[in-house]
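Work through the exercises below with the sequence and the model open. Each task is followed by a solution in steps.

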Amino acid sequence: MICIVISFFDNINGPRPLLSIPNTLNDIDLNNIASLIDKTFETGFFIYEFPEYKTANYFFEIESEWARGNKEMVLLTIVFDLNFDYNSLDLQTIMNDFINELSNITNLFKAFYIFDFNRKKDNEVKFYYEKLKELIIDFKGSLPKETLAVNQNQIKIFVFGLDRAGKSTILNRAKTNLFVKTSPTINLNIMHLLFGNIQLDCFDVSGQKRYRYTWRRFIVSSQYLVFVLDVNREDRYEEAKIELWKVLSYEESKGIPLLILINKTDLKKKIDLNYFINFLNLYKIKDRKWHIMSTSALYNQGIKEAFEYIIKDLLSNQLTMFSM
Ligand code: G3D
Ligand code: MG
């Protein structure tokens, strides 16, 4: 790990770094990290990779008597070397726990006024700034020293498809068994699904065109690919097919089994999976196993079956591997 950075949204100057522990990055890097605040519009965890390093980020709010809207908008960033492996997926939980801890400290918002000309002489401002610093140092100490060991029962799944196909909804459905309203995935969501003692770590990537170039690096070390298609958007079938085949052509994806989910079936009277097998040229796939199913995330149809299928398939592969 390189360092931990706290940034916030300053009403006058916009996104700005508050502190970095240790202070290893230059001002340009720190400002680049702070500007990630502009890339998000919902609170939560996301990953962002710069050419020189990788970052795990959590965007959150702290109640504040001094801020416009009574909230400070804050970004917690852990900066890693490029060779860091995101298999240490508990980062999201670790960061979330720490943020909960921060949110419970009254008046912590004052730390964010250390640069404010009118307030910086206020002893409380200095006190809370120092306190925040100590908390970050403790947090840094509490982080796992190495990349967390990859659990045998931990399976990485790469979920892709065009924007609004229903990827996030499917995962939310699987996770909570509730239909959750979603907002466009910024860059990456990682959702942990537990089926018995097997943990599926689902990488839910943004399907928006400007993020599709990022897919490739998330495919590395995935054990399953899940492609989601919105059955109701015939005008986008062609575009979806192109993106599917792009991923299948990546060296990184070679041999990784593929599950195709034809989603939003509630919007169509009849679904003919053979049509999609032909349209998507699935019979041309020779370098991996594939399977096609239909789902309606809205009506919770096929979701459980889809994930059960993946698990069964992976387990049967393991069994054949063991019996060889
Ligand atoms: P994405 O993660 O692939 O970009 P989302 O897609 O999961 O954000 O879903 C995009 C929209 O499709 C959402 O609509 C979501 O509610 C809706 N959706 C997802 N699955 C289904 C489904 O099975 N049936 C129907 N009818 N709609 C579905 P909103 O309006 O919430 O943005
Ligand atoms: Mg999404």
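**Exercise 1.** In which loop does Pro 22 lie?

Solution. The model is a predicted one. In it, Pro 22 sits in the loop that runs between strand 2 (14-21) and helix 1 (27-34). Next, look at the peptide bond that leads from Ile 21 into Pro 22: this bond is cis, and its omega is near -15 degrees. For comparison, most peptide bonds are trans.

**Exercise 2.** Determine whether Asp 10 is buried or exposed, and find the backbone nitrogens that its side chain reaches.

Solution. Start with the location: Asp 10 belongs to strand 1 (residues 3-10). Its relative accessible area is 14%. The cut-off for buried is under 20%, so Asp 10 counts as buried. Now take the side chain. A polar atom of the Asp 10 side chain lies 2.8 Å from the backbone nitrogen of Ile 12. The side chain of Asp 10 also reaches the backbone nitrogen of Asn 13, at 3.2 Å.

**Exercise 3.** Describe the backbone angle phi, the location and the exposure of Asn 70 and Asn 107.

Solution. Most residues other than glycine have a negative phi. Asn 70, not a glycine, has a positive phi of about 60 degrees. Asn 70 is placed in the loop between strand 4 (54-63) and strand 5 (71-80). With a relative accessibility of 48%, Asn 70 is partly exposed.

Asn 107 is likewise not a glycine, and its phi is positive at about 70 degrees. The loop holding Asn 107 lies between helix 2 (91-103) and helix 3 (123-142). At 23% relative accessibility, Asn 107 is partly exposed. Partly exposed covers the range between the buried limit of 20% and the exposed limit of 50%.

**Exercise 4.** What is the volume of the largest cavity, and which elements supply its lining?

Solution. First count the cavities: the structure holds one of 30 Å³ or more. The volume of the largest cavity is about 100 Å³. Its lining includes Leu 162, Asp 163, Arg 236 and Ala 240. Strand 9 (224-230) and helix 6 (237-249) each provide at least two lining residues. Strand 9 gives the most, with three. By residue class, the lining has six nonpolar and five charged residues, and no polar ones.

**Exercise 5.** How many helices and strands does the protein have, and what share of its residues is buried?

Solution. The protein has eight helices and eleven strands. Of its 324 residues, 51% count as buried.

Technical notes
Residues are numbered from 1 along each chain as its sequence is written. Chains are lettered from A and ligands numbered from 1 in the order in which they are written. This is a predicted model: local features need pLDDT of at least 70, side-chain atom pairs count only at pLDDT 80 or more; totals for chains, interfaces and linings use all residues. Side-chain values use heavy atoms; hydrogens and water are left out. Helices (H or I, at least four residues) and strands (E, at least two) are DSSP runs, numbered from the N terminus. Buried means under 20% relative accessible area, exposed over 50%, partly exposed in between (1.4 Å probe, protein chains only). On a 1 Å grid over the protein atoms alone, a cavity is a set of points where a 1.4 Å probe fits but cannot get out, and a pocket is an open set with protein on both sides within 12 Å along at least five of seven lines; lining residues have an atom within 4 Å of a point. Grid points are joined across faces, edges and corners, and a volume is the space filled by probe spheres set on the points. Ala, Val, Leu, Ile, Met, Phe, Trp, Tyr, Cys and Pro count as nonpolar, Asp, Glu, Lys and Arg as charged, and the others, Gly among them, as polar. A polar contact is a pair of N or O atoms within 3.5 Å; within protein, one must be able to donate a hydrogen and the other to accept it, and residues adjacent in sequence count only if both atoms are side-chain atoms.
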